[in-house]
Amino acid sequence: MNVNWQGVYPAVTTQYNEDLSINFEATTQMVDTIIKEGVNGIIALGTVGENASHTREEKVAILKAVKEVVAGRVPVLSGVAETSTQFAIEFSQACEAIGIDGLMVLPGMIYKSDESEAVNHYQQIARNCGLPIMIYNNPVTYGVDVGIEGMKILAQEDNIVSIKEATEDTRRISELYSAFDDRFVIFGGVDDIALESLMLGCTGWISGLTNVFPKESVAIYKLAEQGRYAEALEIWRWFLPLLRLDTVPKLVQCIKLCEQLAGRGSELTRAPRMPLVGDERANVERIYNEAVANRIDLSKFNLD
């Protein structure tokens with residue numbers, strides 16, 4: 001199964017009303033805006049989209065709304081984060097019925113799988129759904145690492161086409177290419193090592209802070225793609241303090257607070273996530289304000 005997934009794919013937030021019902025208008029407006037600002041694809045219902053905070057019915061409604069506003073301009077992938085393999089299969093089939101372009105599949109939630117269990121989880125989803133699948137390999141957060149040997153098994157499933165590599169070990173990217181050549185489309189999945197990941201051959205970047213600074217994210221990707229690393233590094237060093245907010249346990253609150261400060265969304269999250277307060281909040285505000293005060297003029301890079 002051939003896919004043309006490449007570029008910058010923000011893991012978009014889900015916006016809420018004051019009563020924490022889904023604000024579909026704000027969610028779709030945010031998606032429309034970042035597409036117009038140049039992103040190459042959309043990941044709905046990832047961690048940043050608070051996947052596990054929604055009912056099945058809410059997830060389906062969010063995906064339908066996102067698909068409608070995107071209107072085929074870029075690919076739309078949905079996160080799949082369920083507590084059992086059977087639930088994941090059923091949700092994947094619902095995504096297929098809606099017409100979503102692909103899936104970013106996480107291991108089973110709550111129970112900490114070993115590698116063989118995670119491989120089986122991914123196999124069963126692939127065998128019961130026709131959509132192209134990206135494996136989200138994030139042992140730091142989810143406790144299971146599907147390594148090279150595990151991916152050799154999963155390479156036998158034609159519709160497993162991509163890997164979001166989030167081990168935080170950039171050596172894994174080279175190991176994947178050495179083992180599989182171009183069998184998988186490899187995305188960098190950790191914001192604060194994204195430039196290194198692109199330099200090592202990743203063809204895409206799944207990002208949280210792109211929700212707040214999409215133009216800078218796309219500029220870094222384009223410059224890296226063109227081998228203009230010195231220029232990319234200038235933006236990268238400016239961006240890095242913000243990108244580190246994507247690697248902490250409260251990344252969703254950090255990103256949504258930055259969205260609010262930028263006038264791009266609301267910081268509201270569903271419990272158990274609570275708004276940032278005290279020093280945590282002040283730190284995010286400081287980092288955001290310093291970034292805005294020192295924002296780089298992207299026009300000098302002649303990327304249009």
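Me: Which cysteine sulfur is closest to the sulfur of Cys95?
Reply: The closest one belongs to Cys129, and at 7.5 Å it is too far away for a bond. A disulfide here is a pair of cysteine sulfur atoms within 2.5 Å. Please note that this is a predicted model, in which local features need pLDDT of at least 70 and side-chain atom pairs count only at pLDDT 80 or more, whereas totals for chains, interfaces and linings use all residues. Residues are numbered from 1 along each chain as its sequence is written, and side-chain values use heavy atoms, with hydrogens and water left out.

Me: And Cys254, what is the closest cysteine sulfur there?
Reply: For Cys254 it is the sulfur of Cys258, 7.0 Å away, which is again too far for a bond.

Me: How many disulfides does that rule give in total?
Reply: The count is zero.

Me: Are Cys95 and Cys254 buried or exposed?
Reply: Cys95 is buried, at 0% relative accessible area, and Cys254 is also buried, at 5%. Buried means under 20% relative accessible area, exposed means over 50%, and partly exposed lies in between, using a 1.4 Å probe and protein chains only.

Me: Cys254 sits in H11, I think. How many residues of H11 are buried?
Reply: Nine of the 11 residues of H11 are buried, so this helix is largely enclosed by the rest of the structure. Among the buried residues are Leu251, Cys254, Lys256, Cys258 and Glu259. Helices (H or I, at least four residues) and strands (E, at least two) are DSSP runs, numbered from the N terminus.

Me: What covers the buried residues of H11?
Reply: The cover includes helix H1 (24–36), H10 and H12.

Me: What happens just after H11?
Reply: Gly263 takes a positive phi of about 70° there. Gly263 lies in the loop between helix H11 (251–261) and helix H12 (278–293), and is exposed, at 67% relative accessibility. The C-alpha atoms of Gly263 and Val212 are 9.1 Å apart in space, although 51 residues separate the two in sequence.

Me: How do the side chains of E4 point?
Reply: In strand E4 (residues 102–105), Gly102 and Met104 point one way, Leu103 and Val105 point the other way, and all are buried. E4 pairs with strand E3 (residues 76–80) in the parallel sense over four bridges.

Me: What does the UniProt record cover in E8?
Reply: The unreviewed UniProt entry has a "binding site" annotation that covers Ile206, a residue of strand E8. UniProt positions are given in the numbering used here, feature names are shortened, and annotations may be inferred rather than shown by experiment. Ile206 is buried, at 2% relative accessibility. Beyond residues up to four places away in sequence, Ile206 touches others including Tyr9, Met104, Lys164 and Asp191; contact means heavy atoms within 4.5 Å.

Me: Last one: which residues touch the most other members of the largest nonpolar core?
Reply: Ile42, Met151, Phe239 and Leu242 do, in a core of 106 residues. Helix H10 (residues 229–243) gives the most to this core, with seven residues. A nonpolar core is a set of buried Ala, Val, Leu, Ile, Met, Phe, Trp, Tyr and Cys residues joined through side-chain atoms within 4.5 Å.

Terms used. Two strands pair if DSSP finds at least two bridges between them.
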